[in-house]
Amino acid sequence: RNPLFILWIIFSVLFIGLQAMGPIGPHDSGLYHLQTIQWLSSFPIVPGLGNLHGRLAFNNAIFLYNAALNISIWSNKTHHLANGVLLLIFYARIGLSLSRLLLKKSTFQGLDLFLLLLIPAIINLSFRQASTTHTGFSLWLIGLIIGVELWYLLYDNSLTSKRMFEIVFTIVLLSSVGVAIKLSFIGFGFLSSVIALFVWLRANFEGFNISEKIRKTVLFSLPPILILVPWIIRSVILSGYIAFPNTMTVIKKDWRVPVKTAIDYERKIKAWAKQPGVDPKIVLENSNWIKPWIKEKIKYKFDIILPVIMFIS
């Protein structure tokens with residue numbers, strides 16, 4: 001019923017499909033992403049697999065998604081498919097806001113403006129990330145979708161109790177998925193979930209009886225339990241740690257990755273985030289990395305500068 005939206009979807013499929021036909025990137029794809037996906041596609045889980053190579057113990061759930069697509073005509077080609085599907089969903093949501101603005105058939109909201117401002121960034125990312133195994137890209141999209149849902153929860157006064165519950169459940173679910181993809185998502189995911197639960201409780205708690213409160217609480221706890229508990233078990237099997245290479249939680253198993261190896265990986269990860277390619281001993285002993293880090297990051301106009309300007313605006 002919306003010809004503009006249909007045209008946008010056709011454009012999105014063709015554009016994303018064209019970009020997804022490109023060569024794989026980034027550097028880490030060839031370094032260990034493809035090997036991990038191939039291993040997951042070929043063998044059952046192996047206790048202590050991280051001893052073979054530390055990166056096989058990272059327990060990144062997005063590789064399971066890639067491995068699940070690694071069948072039939074997509075065998076060894078999942079990088080052409082996986083991110084394109086995620087991109088198309090987000091393009092569709094932007095198309096909805098675009099059609100609202102141009103056709104003026106429904107109320108144009110502040111959220112729609114936010115999504116339209118993302119068009120340059122999402123198109124730029126499509127050029128670079130439509131054909132990739134990049135672990136951070138899926139988190140970028142999940143974070144944005146959580147932001148969209150939070151906007152509805154905080155600013156849409158027409159929400160019914162049922163719709164509020166669906167939004168909060170979605171936020172908790174996606175936050176759990178984000179943590180299973182990359183542990184660094186835990187801050188954003190946890191804070192988003194707490195805010196969503198607080199808003200929902202404030203609006204609905206007095207209207208529920210005891211049994212309803214218990215039932216809703218159980219439902220909200222299902223995503224973290226069903227997603228993160230198997231993720232933790234899988235991490236323990238792979239490495240002997242709940243969240244390798246973090247050494248705060250070590251399980252005493254004979255196939256556990258040595259603690260020294262885990263500490264070395266943790267130091268390398270921290271140092272690489274601050275100053276890539278420099279010896280961790282040099283980077284982590286002082287704060288001299290800050291100035292070069294800032295100079296490097298301000299080069300990323302679409303990734304950092306544009307979002308910061310949008311945020312300030």
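Which helices each supply at least two residues of the lining of the second largest pocket? They are helix H8 (161-181), helix H9 (186-204) and helix H10 (210-239). Before going further, keep in mind that this is a predicted model, where local features need pLDDT of at least 70 and side-chain atom pairs count only at pLDDT 80 or more, while totals for chains, interfaces and linings use all residues. Residues are numbered from 1 along each chain as its sequence is written, and side-chain values use heavy atoms, with hydrogens and water left out.

Let's start with the whole chain. Its secondary structure comes to 14 helices and zero strands; both are DSSP runs numbered from the N terminus, with helices being H or I of at least four residues and strands E of at least two. The C-alpha trace spans about 60 × 55 × 50 Å along its principal axes. A compact globule of 313 residues would have a radius of gyration near 20 Å, and the protein chain agrees with that at 22 Å. Here the radius is taken over C-alpha atoms, and the globule rule is 2.2 Å times the number of residues to the power 0.38.

How much of the chain is tucked away? Of the 313 residues, 38% count as buried, where buried means under 20% relative accessible area, exposed means over 50%, and partly exposed is in between (1.4 Å probe, protein chains only). The chain exposes about 18,000 Å², with carbon and sulfur atoms supplying 69% of it; the areas come from the Shrake-Rupley method with a 1.4 Å probe, and for residues only the protein chains shown count as cover. Among contacts with a separation of 6 or more, 63% come from residues 24 or more positions apart, a contact being heavy atoms within 4.5 Å.

Now back to that pocket. The second largest pocket holds about 360 Å³ of space. Of its 19 lining residues, Ser176, Val179, Phe190, Pro224 and Leu228 are the closest to its centre. H9 gives the most to the lining, with six residues. By type, the lining divides into 14 nonpolar, five polar and no charged residues.

A pocket isn't a cavity, by the way: on a 1 Å grid over the protein atoms alone, a cavity is a set of points where a 1.4 Å probe fits but cannot get out, and a pocket is an open set with protein on both sides within 12 Å along at least five of seven lines; lining residues have an atom within 4 Å of a point. Grid points are joined across faces, edges and corners, and a volume is the space filled by probe spheres set on the points.

The whole structure has one cavity of 30 Å³ or more. The largest cavity has a volume of about 80 Å³. Helix H2 (27-42) and H10 are the elements that give two or more residues to its lining, and H2 has the largest share, three residues. Seven nonpolar, three polar and two charged residues make up the lining.

Ile89, in helix H4 (residues 82-103), is exposed, with a relative accessible area of 52%. Gln129, in helix H6 (residues 119-129), is buried at 9%. Leaving aside neighbours within four places in sequence, Gln129 is in contact with Asn83, His134 and Phe137.

Definitions and conventions: Nonpolar A, V, L, I, M, F, W, Y, C, P; charged D, E, K, R; others polar.
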